[in-house]
Amino acid sequence: MEKIAAALLLLSLWAPLRGEEKSPADLFREANASYQKGDYAAAKESYEKLSSEGWAGSALNYNLGNACFRLGQFARARLWYERALEEAPRDEDLRHNRDVARARLGITDEEDPGVLAAWVGPLSIFFAALNFLFFGLLCWGLFHRHEGLWWGRAAAGVLLLGAGAALLAAKTEARRDWGVAMARIEARAGPGENQAAAFILPEGRRVELLGGEGDWVEIGVPAQGLKGWALKSTVEAVRRS
Amino acid sequence: MKKISSLFKITPFLLALAVPLRLRADEPSFTAEVDKTSVALDDVVTLRVTLSGDGVDGAKPVIPNLPGFRATPAGQSQNISFVNGRVSSEVSYSYILQPQAAGNYTIPPLTVMIGGRPRSTAPIAVRVTAAAGGGTAAEPVAQNDGSGRAVKDLFLTASTDKGTAFVGEPVALSVRFYSRAPLLAQPAYGPPDTAGFLSEDLPPQKQSVEIRNGRRFTVIELKTALFPAAPGTAVVGPATLECRTEDFSDDSPNDPFGGGFFNNFFSGGRPVTLKSDPVQVKVLPLPSAGRPAGFKGDVGRYRLSASLDKTSAALHEPVTLTVTVQGEGNIKALTGPDLPPLPGFKAYDTLSSLNLSKAGWKVQGSKVFKTILKPEVSGRLALPPLVFSFFDPGARAYRTETSQPLALTVTGADAAAVETGTAPLSTETLKVLSQDIRYIKEGPLRRRPRSPGGFPLFPLWNLPPLAGFALLWAAKAARGRAAADPDAASFRRAGRRAARSLGTVRALLDKGDAASATEVLEKTLRDYLSDKSGLSPQGLSGEDAARLLEMRGAAPEVSGETLRLWDELQTARYAPGGLRAQETARHLESLRKLLPSLEALWKK
């Protein structure tokens, strides 16, 4: 009995000695409160801590982008907005903030990559529904004959093919890897400082990541049909592994 | 590329009096200044010591030993002025300081007693270099007059304080007129061509005495600040001076009325045109490394400040934002900082004014930018800091000055007027005041996002319809085959049908219905053999069964067991009371064990 009481006493003391660890939700609320008070540096630190611990969600990335924006780190803000858009590609507030950050960086000639990528989810649902409809009509047709049924199956089939093609295009687009230039980049023709300079990329610009070799990464600007190599340290990937 | 637009007429007599008059306070002052703080070893520095104010009459400064220099008095000048009924005087003493060796020296404080009190000047640092700096033109041995005769006592030099400068960096041009001979008329000065530079005159002219090669010259110096406009090599053209000097070349030594005397009297002396050598300045482009994003080309050393004329205002009441850029450089050409987005304010055009100073022969001063702002929302409005970037040629680096943030408290419309309905109707329309980011979100946290594709378990959603259709189609095909060849269908189904039927027998036995169980058991065997043989079950006999088994090559034990079972079940079918449950159960097991062997017969 005495041993049990001693063990319980020790346990009750251990938790306070260990220190209260904040839950991720509490840390997130605390970060939001810091932001609301105008302490953007503290808010950014808390958001980054959550992100480094493996937490994500479009709200976290969006808020982290806002904190970076308020601290004048427009390229980094843009990076976090792009990461948030990976999860919520049709969020209007995200798109607005990303566009404002882009404007602050002076980027006016950048095209959005494939609008289709933002519609993978709805297209998937649409495809599944058409799939059920089409095969449902086929099954019905096994046991019943009706001219209208034939037209219905034909229409459903055509729509299913169309939705399938759109979904495939959207998924292909969504799988492309993107990055954001964290500094002014002098892209080279090959991976090395001795390679000829190919083009200049301003800070904050989005680039497609095409591959890598050593400390270098191959980047592309599809809208202008440009490809070059940049140091990995100057580009941060939107999608993190 | 502005030429100095006016010709200077230099009158030595006027120059002697060209000491700037100062309105003097009652308090006496004692100052010392030099015409240059960096001098070559073969050049001289003019030290000018000035006493002004009440009580300076009779005071004379004591010049101590100046380390590094040999000092020679070069005269004094006095100025008396009457201002508001008060008499004040200023006395200046000039000294020529000839450097003795290269190095850094300090002219120590000079002292004088004024009104029984000692007064001292500030120490002055002077650097002596070994070689002449800047684009100094060599002193001409002789310059020519219009007739080609050499003139040794008059010459004109032009030099700059540096031979290399950045675009926009001030370069001081000094045009010096050296004279040992008296002039018979006012000279006409032609300023040099300064294409490639922006220029700013630096008055006043300086007068000094200089000793060159043991000869004493009166020097009149004109200074101009030049600002190179583009990189490359910029050339300051020659300056010219047309004057007339005494001509005694025709004199006979014994003739007091020699031709020279009459020449000077009647013709006004000998015309002389002096010309300085052109001066080259190498202009460097501003470095691209480290150039701030907001840099607009301003060069110099500046400080930035910003202020509002009020800390609080009513809604729509204009306030003035004053931005001041102060320092050294081409003040006139200053562009000033751009106004950042000012949310909540309507900004009107910016007006600028200039405060230029050329004291110490340097272009300095301030440019003031005033912008009227009208607050359009109430509350505490913040104006973000202004940023101004410039290139500091002294530090050879870009600098960025940031003003302090400002705030304005804006009070809204009169509440009482709103309540009584006497507030004026608003004529405002919807206006976007600023383009800013939207507020943060309270959304949920979750672990790293799902893979691209955005739809979980995509195959799981799409396979079932296809699978369902495939199954139904197979079932329908099977039905079709069965309908086309019922015997074949029965043959294929016989084993499964018999197994299902045995299950029914078991169920009946469990319920205690031995009679029905026996009946179903008998029917099962009959139907099985009928399905396998194609014979009608009603007409199937034991002999048929035996023949069938023999035809299929059944093993004796299989055939025997099957026929035994057939007989017992047939007997039980027609015998009153049928079989007991135990017997039926035994037969059931026998048939269950027999079925695989029978199935095998028809697979051969």
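**Entry: a pair within chain B.** I looked up B:Glu200 and found its side chain in a salt bridge with B:Lys332, at 3.0 Å from N to O. The two come from distant parts of the chain, 132 residues apart. B:Glu200 sits in strand β16 (residues 197–212) of chain B, and B:Lys332 in the loop between β24 (319–329) and β25 (345–357). I then checked accessibility: B:Glu200 is buried at 8% relative accessible area, whereas B:Lys332 is partly exposed at 42%. A reminder to myself that this is a predicted model.

Entry: I followed A:Asp99 to its partner A:Arg98 and noted a salt bridge with the closest N and O atoms 3.1 Å apart.

**Entry: where the chains meet.** Next I turned to the contact between chain A and chain B, which takes 50 residues from chain A and 31 residues from chain B. The size of an interface is often given as the accessible area lost when the parts come together. Here I wrote down about 3900 Å² of buried area, with carbon and sulfur atoms giving 61%. Which three residues supply more than any others of the area that chain A buries against chain B? They are A:Trp55, A:Phe135 and A:Leu142, with 15%.

Entry: I noted 15 residue pairs in polar contact between chain A and chain B, both residues at pLDDT 80 or more. On the side of chain A that touches chain B, the elements giving two or more residues include α2 (24–37), α3 (40–52), α7 (120–143) and α8 (147–174). The largest share of that side, 13 residues, comes from α7(A).

The salt bridge count between these chains is six. I looked at A:Asp93 and B:Arg438, whose side chains meet at 2.8 Å, N to O. I also looked at B:Lys441 and A:Asp91, which form a salt bridge at 3.7 Å. B:Lys441 lies in the loop between α3 (415–420) and β31 (446–447) of chain B and A:Asp91 in the loop between α5 (74–87) and α6 (92–104) of chain A, so this pair joins two chains. A:Asp91 is buried at 19% relative accessible area, because the cut-off for buried is under 20%.

**Entry: a nonpolar patch.** I found a nonpolar surface patch of about 360 Å² made by A:Phe132, B:Leu460 and B:Trp461. B:Leu460 is in helix α4 (residues 458–484) of chain B, and this leucine is exposed at 58% relative accessible area.

**Entry: one more arginine.** Last, I looked up B:Arg119, which lies in strand β8 (residues 117–120) of chain B. B:Arg119 is buried, with a relative accessible area of 15%. Leaving aside neighbours within four places in sequence, I listed the contacts of B:Arg119; among them are B:Glu27, B:Pro28, B:Phe30 and B:Leu110.

Key: Residues are numbered from 1 along each chain as its sequence is written. Chains are lettered from A and ligands numbered from 1 in the order in which they are written. This is a predicted model: local features need pLDDT of at least 70, side-chain atom pairs count only at pLDDT 80 or more; totals for chains, interfaces and linings use all residues. Side-chain values use heavy atoms; hydrogens and water are left out. A salt bridge is a side-chain nitrogen of Lys or Arg within 4 Å of a carboxyl oxygen of Asp or Glu. Helices (H or I, at least four residues) and strands (E, at least two) are DSSP runs, numbered from the N terminus. Buried means under 20% relative accessible area, exposed over 50%, partly exposed in between (1.4 Å probe, protein chains only). Patches are made of residues with over 30% relative accessible area and no salt bridge: like charges are joined within 9 Å, nonpolar side chains (Val, Leu, Ile, Met, Phe, Trp, Tyr) within 5 Å. Accessible areas come from the Shrake-Rupley method with a 1.4 Å probe; for residues, only the protein chains shown count as cover. Contact means heavy atoms within 4.5 Å. Buried area is the accessible area (1.4 Å probe) that two parts lose on being put together, summed over both. A polar contact is a pair of N or O atoms within 3.5 Å; within protein, one must be able to donate a hydrogen and the other to accept it, and residues adjacent in sequence count only if both atoms are side-chain atoms.
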